[in-house]
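Subject: Structure handover: pockets, cavity and cores

Hello,

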Amino acid sequence: MSPPTYRVYVSALGNVFMTEIADALTDAIGQCGRDVEMYRHGLPTRTPGTINLVVAPHEYFTLYEGANEAALVKAASESVCVGGEQPGTYWFEYGARYTSYGLLAIDINRRGVTELRRRGLEAYRLHPGYYSGWDAWGGAASTGRPVDVLFLGSLTHRRAEILSRSAPILAQWTCDLRL
């Protein structure tokens with residue numbers, strides 16, 4: 001039996017960060033010697049020997065134009081959904097809804113995996129790591145970089161507490177905190 005072909009789906013109308021995750025996932029699958037293509041439109045369909053990965057189901061299915069709910073649910077049921085939103089947000093809930101129809105779930109957020117499992121879904125953690133496509137310095141040492149630590153995110157009570165507790169550690173680095 002030959003290895004599967006992968007189709008990675010990500011919304012052309014969604015957040016650029018989700019597209020970057022899909023690009024990295026597509027590239028990593030290709031680097032493993034697998035056949036892989038990325039799609040920014042079209043609904044996943046079950047094809048023998050093919051695995052459909054939908055990055056950010058909260059965007060892909062909710063922003064999809066030209067399909068009714070039954071078609072979206074069918075597409076989700078023929079896919080592995082790759083999420084990254086935090087439980088307790090409506091983005092997570094949108095994604096979890098479609099993920100619940102899927103073959104299984106993958107999430108980059110540990111808390112997301114825990115919550116999906118609590119709901120009875122088969123969920124696994126995707127541990128993002130170093131990706132050469134995001135390395136502007138090509139693996140070179142960090143000397144000469146203008147910023148050591150960058151944080152991009154909404155200011156929530158929890159994040160404010162973590163950042164304030166981290167101040168003694170962060171003080172020794174050049175930080176760019178964008179809240």
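The notes below cover pockets, then the cavity, then the nonpolar cores. Please keep in mind that this is a predicted model.

**Pockets**

Start with the largest pocket. Its volume is about 1200 Å³. There are 29 residues in its lining. Nearest the centre lie Gln86, Phe151, Leu152, Gly153 and Arg159. Several elements each supply at least two lining residues: helix 1 (16-31), helix 2 (57-63), strand 4 (80-83), helix 5 (110-118), strand 7 (149-152) and helix 6 (157-170). Helix 1 gives the most, with four residues. By class, the lining has 12 nonpolar, 10 polar and seven charged residues.

The second largest pocket holds about 290 Å³. It is lined by 15 residues, and Ala24, Leu25, Pro128, Gly129 and Trp134 are the closest to its centre. Here the classes split into 11 nonpolar, three polar and one charged.

**Cavity**

How many cavities of 30 Å³ or more does the structure hold? There is one. The volume of the largest cavity is about 100 Å³. Its lining has 16 residues, with Pro57, Gly83, Gly95, Thr99 and Asp107 closest to the centre. Two or more residues each come from helix 2, strand 4, helix 4 (90-99) and strand 5 (104-107). Helix 4 has the largest share, five residues. The lining of the largest cavity comprises nine nonpolar, five polar and two charged residues.

Helix 2 and strand 4 each supply at least two residues to the lining of the largest pocket, and each gives two or more to that of the largest cavity.

**Nonpolar cores**

In soluble globular proteins, nonpolar side chains tend to be buried together. The largest nonpolar core in this model has 13 residues. Val8, Leu25, Ile29, Leu53 and Val55 make the most contacts inside it. Strand 1 (5-9), helix 1, strand 3 (50-55) and strand 4 each give two or more residues to this core. Helix 1 provides the largest share, five residues.

Which residues does leucine 25 contact, leaving aside neighbours within four places in sequence? They are Leu53, Val55 and Val82. Another core lies apart from the largest one. It has 11 residues, including Tyr64, Ala76, Cys81 and Tyr98.

Leu25 is worth a look on screen. It is among the residues closest to the centre of the second largest pocket, and it is also among those with the most contacts inside the largest core.

Best regards

Notes. Residues numbered from 1 in each chain as written. Predicted model: local features only at pLDDT ≥ 70, side-chain atom pairs only at ≥ 80, totals over all residues. Heavy atoms only, no water. 1 Å grid on protein atoms, 1.4 Å probe; cavity = no way out; pocket = protein on both sides within 12 Å on 5 of 7 lines; lining within 4 Å. Points joined across faces, edges and corners; volume = space filled by probe spheres on them. Nonpolar A, V, L, I, M, F, W, Y, C, P; charged D, E, K, R; others polar. Core = buried A, V, L, I, M, F, W, Y, C linked by side-chain atoms within 4.5 Å. Buried < 20%, exposed > 50% of the residue type's maximum accessible area, 1.4 Å probe, protein only. Contact = heavy atoms within 4.5 Å.
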